[in-house]
Amino acid sequence: MLQSDLTALWLTIKLAFITAVLLLVFCIPLAYKLAGYNGKFKPFLEALIAMPLVLPPTLLGFYLLVLFSPDHAFGQFWFWLTGTQLAFSFQGVVIGSLFYSLPFVMQPLVAGFKHINQTYNEAAIALGLSPFKRFVHLIIPLLKPSIGSAFALGFAHTLGEFGLVLMIGGNIQGQTQVVSIALYDHVESLNYTAAHQLSLILLAISFACLVLLFKFNKSIVGVKQ
Amino acid sequence: MSKLYNTWLGYFLCVICMLSCSVNAKETLQVAVASNFKTVLETLLKKSPLPNVDVKISAASSGVLYSQIVHGAPFDVFLSADDFRPQSLIKEGYAEQSSLITYALGELALWQPKAEKVNDKVAIANPRFSPYGRASEYYANNHFKKPINYVYGNNITHAFQFVQSGNVGVGLVAVSSLKAAYSNTQDQKYLEYTVLPTNQYPDIIQQGVIISSTKKHASAKQLMQFLMAEATQQQLIELGYRIKDNNASK
Amino acid sequence: MIKLSLFKALNNFDLDINLELESFNVLGVFGPSGSGKSTLLRCISGLEPAKSVHINNQPVHELPSDKRGITLQLQSCPLFPHLDVAGNLAFTQKHCGNKQTSLTLQYVVKTLELQDLLNRDVQSLSGGERQRVVFARTLLAGQKFIMLDEPFSALDWSLRFKTLTKLNELAVKFNIKFIIVSHSLKELLFCCDTLIQLDKGKVINQGASAHVAKAIYANDRQTPLSLINYDVVKFDEDYGLYQLQLQQSEQPLFVLPALVDSSNKLIIESEQMSLSALKPEQTTHSNVLKSVLTQAELINNKWQLTLNVDGQTLYCLASRRVWDKNDFKVGDVLYTTISNLE
């Protein structure tokens, strides 16, 4: 195995993990609000969240390239804040991945909250529990399988990210050269053996993730076995 | 109601069949083109379309197209961004030696649209599999102060986009990209480049071949001849390429 | 004295309540589906917003549910699946704040006989077991004002009456006020001291259970139910029956143990009764009570008969054919056979 491939593997796992965790932190409260919201803007919000599902990743990447540019407001703000540039950096790829995998984390969480709201949350309110106690002692424990699903899906999805990283990554080893890009490089330069090797490992990791996912998926809420 | 619907459906299908079976005076030619040459080819053909040939263009990276052809994709002609792949096809029996042409030579420029550099990165195409990238890296290694912080685009156009979007301050890009961008936008920044002396980097030889399995030899030959015609070659120079003096393979 | 006033506009009618009741222990809310019973409880609890809710003239509709001092047990009340039975019971005990009663987990488990269920998974419980656990969990929230929506519908009548009796005991012992919603008048008559009848969002009847029940029979095509108070004389080991004696009377009834509990009350449905002018010695019947026909009304093509048994009242239906055939008259002494007691 080439050293560069190992670097790419480690980078990809790091990227997938950080993205999944950040998305969980961001999405849990958002999903809670969205599940309980039934106003007229609901279809628009849900569509907005689902957009990364239907947009080509290269399109997402292209717009991020424009967004990150020091010629534009966001890029300038980031530079002012951190002194670094977002394009061609790990941080930039993380931000891109947050967009890319957002629906994969949001949707299981929203489904989980909806189910909990319908069945258990109301009963807990009627019993006279305070909102804080309800959230900590009832909703979060019941939400565990959904959190597990959301994490596994976000992680697995980010593992396979390609088009977006291709656009904004700049293919820098140790920073933005993730496994999918390394694979692409091998194929483009006709180095099929290396491509096969790397693919197999990525396949194995993704498969393991999905197996875990379906283990969690047995029930939509936490059930005492 | 259903009967009426069925009748109209029948007519509709009939018409569709007729239209698709209609004898085309023109013959359709499937051409696989390296991405960076796609718009150029379209521009050339728009100006002087081939009589009796309807050219259908499929663009992708040279590597992808190569794989596809090796796996039986029904292309008639392959215009690569390099010389390695057409010659590999010939060696492996997928293309005809006699049809090999060098239709253009890539031309590199150093492009720095803004006087103050936003960072110390240099955008080039990935040298692992892009001839433009290899040439760029060769030039840069010989002329830039080390260490050089490369940013790799997956092809020469991508490298161009990095500089164009402002994310990288300087890049080694194709002159053809700059000329195309200027003619589209008239933006001055596309003129802020220096053409690199051609003897300071390896030639970027863009070759094309006719695929052996084609059934449209005549049309394919027509296209190749068109590309090598004096008028076309002159146009290529205007569009930002160099030309070879003769047709012989390397 | 307890005052409740509430207003909420609904789709087909408005929920408009203005109640003033003598203090009660267990209040029953009776009415057909769609009359607003569940909505009423939900508004008092705070699950649903209402334009105004005043309890004893205090505005309550601005307060969140956990600050009202009221516990509501929903009809669908689910047990939390991530905890076992013991965990569910401990849940309200641990996490509900501001407890008003001194009920402990051990006491509730003992009273409702839930010891064997404590370590079970909630999915494995039967419908009846689940309802008893849910009720225990509600009690352990520790409030003095508890509302129950169809709480015991999955229990068989014997167990249901037993549980309702315990509910009554808890109400008295711990000074808890219960409000029970049910569409079963039998259940409400058994355990409630006060009853209100709801129809299309308005209270159309209120007062002591016996009175309201009587009014319901008269107006509502309801088969009348009779409530008998008794004392236990002894348990006959040989026959396996309890010998009961009607209060204020010497007339006995022989009853299966399943129907006897500490409430000393028995509900008898009209179908269980048959009338005859014949003395019991002349028939093979058992559990025959001597009674006097005090009232007879023809309602909905059936005769509704009111019988006096040594001061207690029995209600019975008779078809027109039976009435005409037997030529019963008010003031007649009639012998009422009560079946399905032994």
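This is a predicted model: local features need pLDDT of at least 70, side-chain atom pairs count only at pLDDT 80 or more; totals for chains, interfaces and linings use all residues.
1. What does the span named in the record look like in the model? Residues 9-213 of chain A are 82% helix and 0% strand, and the end C-alpha atoms of this span lie 21 Å apart. Chain A as a whole has nine helices and zero strands, and its elements, followed from the N terminus on, run α-α-α-α-α-α-α-α-α.

2. A few overall values describe chain A further. Taken along the principal axes, the C-alpha atoms of chain A fill a box of roughly 65 × 45 × 30 Å, and of the 225 residues in this chain, buried residues make up 43%. When the contacts in chain A with a separation of 6 or more are considered, 78% of them are accounted for by residues 24 or more positions apart.

3. Chain B and chain C, by contrast, are joined by no contact, and their closest C-alpha atoms lie 42 Å apart.

4. In the contact between chains A and C, 23 residues of chain C meet 19 residues of chain A. On the side of chain C that touches chain A, β6 (70-73) and α2 (85-95) of chain C each supply at least two residues, and the largest share, three residues, comes from β6(C). The residues on this side of chain C divide into ten nonpolar, ten polar and three charged.

5. The contact between chains A and B takes 16 residues from chain B and 18 residues from chain A. The elements that give two or more residues to the side of chain B that touches chain A are β7 (149-153) and α6 (156-164) of chain B. This side of chain B is made up of five nonpolar, nine polar and two charged residues.

6. Strand β7 of chain B also belongs to a sheet, an open one in which five strands follow the order β7-β6-β8-β5-β9 (chain B) with mixed pairing. The edge strands, each of which pairs on one side only, are β7 and β9 (193-195) of chain B, while the twist from one strand to the next averages 25°. Strand β6 (residues 121-125) of chain B runs parallel to β7(B) and is joined to it by five bridges, with B:V122 standing opposite B:Y150 in β7(B).

7. Two helices of chain B deserve a look of their own. Helix α7 (residues 175-185) of chain B lies across β5 (108-111), β8 (170-174) and β9 of chain B, and runs at about 90° to β8(B). Helix α9 (residues 230-239) of chain B is hardly covered, since the count of buried residues among its ten residues is one; just after α9(B), B:G240 takes a positive phi of about 110°.

8. Is helix α1 of chain C enclosed or open? Seven of the nine residues of helix α1 (residues 37-45) of chain C are buried, so this helix is largely enclosed by the rest of the structure. The buried residues in α1(C) are C:K37, C:L40, C:L41, C:R42, C:C43, C:I44 and C:S45, and just after α1(C), C:G46 takes a positive phi of about 105°.

9. The bridge partner of C:Q197 is C:N205 in β10(C). This hairpin has two residues between the strands, and C:K200 takes a positive phi near 50° there.

10. Chain C also has an open sheet of five strands in the order β15-β19-β16-β17-β18 (chain C), with antiparallel pairing. The edge strands are β15 (273-276) and β18 (312-319) of chain C, each pairing on one side only, and neighbouring strands of this sheet are turned by 45° against each other on average, direction ignored. Within the sheet, strand β16 (residues 288-299) and strand β19 (residues 333-338) of chain C run antiparallel and are joined by five bridges, and the bridge partner of C:V288 is C:T337 in β19(C).

Key. Residues are numbered from 1 along each chain as its sequence is written. Chains are lettered from A and ligands numbered from 1 in the order in which they are written. Two residues are in contact if their C-beta atoms, placed from the backbone, lie within 7 Å. Helices (H or I, at least four residues) and strands (E, at least two) are DSSP runs, numbered from the N terminus. Ala, Val, Leu, Ile, Met, Phe, Trp, Tyr, Cys and Pro count as nonpolar, Asp, Glu, Lys and Arg as charged, and the others, Gly among them, as polar. A residue is buried if 20 or more other C-beta atoms lie within 10 Å of its own, exposed if 12 or fewer, and partly exposed in between; C-beta atoms are placed from the backbone. Two strands pair if DSSP finds at least two bridges between them. Axes are lines fitted to C-alpha atoms, for helices over the stretch in contact, and angles run from 0 to 180 degrees between N-to-C directions.
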